[in-house]
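Please look at the sequence and the model together, and keep both in view while reading.

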Amino acid sequence: MLYTELLQLWDESVQAVDARDWEGALSILGKINTPTSRTLFNTASAHLALGQLDQALKALDLAIAKDERLAVGFFQRAAVMMQIDRLEEALSDCIWAQQYMRGNTVIDYRQLGLRFKLYSWQVLYNAAAVYSRMGDWEQAQDVLMSASQQRTGGRGGNIEAALDSVTKRVVLDPLLVPEGEVFRPRKQDVEQLKQRDFLGKAKVISSMIPNDDFGGFEPLRLQQPGFYEPKVAGVEDSRYMRMRIPYMARGPGQLTVPGGAMVFLFGEEDRDGMATVIYDGKRGILPLSLLDPIDLKTSKSKKDTRIPSGIPLPPGLKPPTRPKAGPSPAAPPGGDSRTRDTPPPSYTSATHTPLPASEAPKYTANAASNQPTSSAQAEEGGSVVVKVHYMYTVALSVPLDTPFKEVKEQIAQKLGQPASQLRIRHKQHGSQVLTPVNAEGEQARTIQEVAEAGRATLWCQVEDPLANRNILYQMVALYDYNAQGPEDLEFSEGDTIDILGQVNEEWLEGHCAGNIGIFPSCFAYRENNNITQS
């Protein structure tokens with residue numbers, strides 16, 4: 001049976017239940033060839049409303065067979081079995097219902113379409129009702145006392161009244177799901193059953209014939225040679241307006257616009273007579289009474305300078321100039337000194353001659369055009385141009401045989417940071433992973449090992465030294481990790497992480513950019529097995 005057919009019959013049966021047409025609901029539910037646990041529960045509810053206990057019990061048996069963990073099914077079946085004096089089985093169903101509540105005090109079945117909340121005290125109440133029918137009044141009283149200790153809603157004075165009835169040796173009536181409360185299909189699914197015309201009726205959008213508003217079918221009409229321009233009033237078609245007088249912003253969201261300025265009408269007029277417009281790349285509101293339409297007609301003697309309707313004018317703001325970076329002071333202890341990783345440098349990036357440490361790097365417009373010449377000259381002279389990505393990019397020229405330790409000291413002098421707190425990384429040939437420079441091998445390794453075509457690119461990161469903590473090994477971040485809580489360690493792809501300990505099989509404790517926290521071990525890979533620092 002198709003799910004749409006099942007959904008249609010299910011919805012029709014629910015409408016019959018709302019109309020209290022129990023026979024009609026049973027007739028519709030009987031047409032379902034492959035019933036579900038929820039439709040079988042609805043069938044049992046209809047039989048109960050008609051007083052047909054045996055048929056209701058059979059339907060509940062089938063519903064529980066479909067869903068063996070349906071707690072409300074066991075709850076309902078226990079009440080039915082009490083009415084036909086099958087007390088042992090009713091007590092067993094109460095125990096199963098309590099077990100499948102999984103320690104919860106309440107289960108809200110509205111997510112499944114049943115507007116009913118099953119409380120644990122209701123299950124205990126039915127268990128006490130079974131004991132009262134068996135004549136075991138002490139056990140019934142103990143069960144009711146345990147139910148009275150649960151702090152749940154919807155109880156009212158039912159438990160107190162039941163305790164009073166047990167004391168007077170009065171048999172308790174079982175609790176049931178209210179009559180008419182059944183499982184309902186999702187409203188969104190039912191709405192999808194209605195047929196929709198997504199294409200709609202045909203409408204002329206573009207035609208060879210000027211001012212063509214014909215929507216049917218007819219043979220192509222003969223046209224005279226030449227260019228036909230539709231006769232449309234420019235004032236009516238244009239959404240560009242001109243300010244009649246200057247206007248000063250008087251409230252939030254309003255714009256300050258000089259008189260005679262051209263604005264684009266973005267929205268319609270509201271109750272206060274204000275309209276949403278776009279001016280100089282900004283969106284705001286202006287009084288519609290101060291705006292006059294602009295007739296954007298094309299002159300045949302001049303070039304076509306019309307503005308497409310619906311596209312706002314480009315902003316008149318000038319692009320911001322590149323900031324001049326200066327030497328940053330040393331990072332305060334305990335502060336967040338981590339920097340964002342810059343994108344990998346391209347071969348069209350600008351390179352510069354070394355500058356004094358006190359002078360910030362400056363960029364010129366023709367720097368990119370001079371790059372190949374400077375790189376070739378550096379390679380011929382036995383030197384290499386080192387580009388360092390920090391909060392800004394700096395460049396320096398060093399001999400090819402310069403050890404990494406001296407390069408690190410020159411970078412520290414250039415950035416105005418202590419060399420002991422700098423973490424230098426580079427990319428190996430053919431790899432996108434930032435690999436840290438081994439601190440033990442800085443004296444032996446030279447800048448020539450990472451230089452290509454007279455150039456070398458390094459990434460620099462400032463980190464505070466750890467106090468009284470041992471670094472077991474280092475790992476490199478494979479992905480970005482955003483902290484989910486105050487105890488998490490946040491880092492970016494390619495960052496070097498100092499491993500301080502292992503929380504469990506999936507989480508590690510690490511240090512990165514002056515911060516200590518935990519992170520998933522699958523977000524990084526181990527660089528080596530040796531202890532690099534302590």
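Two strands are said to pair if DSSP finds at least two bridges between them. Within this pairing, Gln 474 stands opposite Asp 498 in E14. The model is a predicted one, in which local features need pLDDT of at least 70 and side-chain atom pairs count only at pLDDT 80 or more, whereas totals for chains, interfaces and linings use all residues. Residues are numbered from 1 along each chain as its sequence is written, and side-chain values use heavy atoms, with hydrogens and water left out.

E14 also has strand E15 (residues 507–512) as an antiparallel partner, again through four bridges, and a hairpin of four residues leads from E14 to E15. Gly 501 has Glu 509 in E15 as its bridge partner. Why can E14 be called largely enclosed by the rest of the structure? Six of the seven residues of E14 (residues 496–502) are buried, so the strand is largely enclosed; buried means under 20% relative accessible area, exposed means over 50%, and partly exposed lies in between, with a 1.4 Å probe and protein chains only.

Another region holds an open sheet of five strands, in the order E6-E5-E4-E3-E7, with antiparallel pairing. E6 and E7 stand at the edges with a single partner strand each, so one side of each has no neighbour in the sheet. From one strand to the next, the twist averages 45°. Inside the sheet, three bridges join E4 (residues 262–269) to E5 (residues 274–279), and Phe 264 stands opposite Ile 278 in E5.

The loop between E6 (282–287) and E7 (291–293) contains Leu 288, which is partly exposed, with a relative accessible area of 23%. Apart from neighbours within four places in sequence, Leu 288 is in contact (heavy atoms within 4.5 Å) with Leu 265, Glu 269, Gly 273 and Ala 275. Leu 288 and Asp 270 lie 18 residues apart in sequence, and their C-alpha atoms are 9.4 Å apart in space.

Two packed helices are described by the angle between their axes and the distance between the axes. Helix H5 (residues 71–83) packs against helix H7 (residues 120–134) at an angle of about 20°, with the axes 11 Å apart; the axes are lines fitted to C-alpha atoms over the stretch in contact, and angles run from 0 to 180 degrees between N-to-C directions. H5 and H7 are therefore roughly parallel, where under 35 degrees counts as roughly parallel, over 145 as roughly antiparallel, 65 to 115 as roughly perpendicular and the rest as oblique. Among the residues that make the contact are Phe 75 and Ala 79 of H5 and Val 123 and Ala 129 of H7.

The axes of H5 and helix H6 (residues 87–99) come within 8 Å and cross at roughly 160°, and these two helices are therefore roughly antiparallel. Their contact includes Phe 74 and Ala 78 of H5 and Ala 90 and Trp 96 of H6.

For the protein as a whole, the secondary structure comes to 13 helices and 17 strands, and 39% of the 534 residues count as buried.
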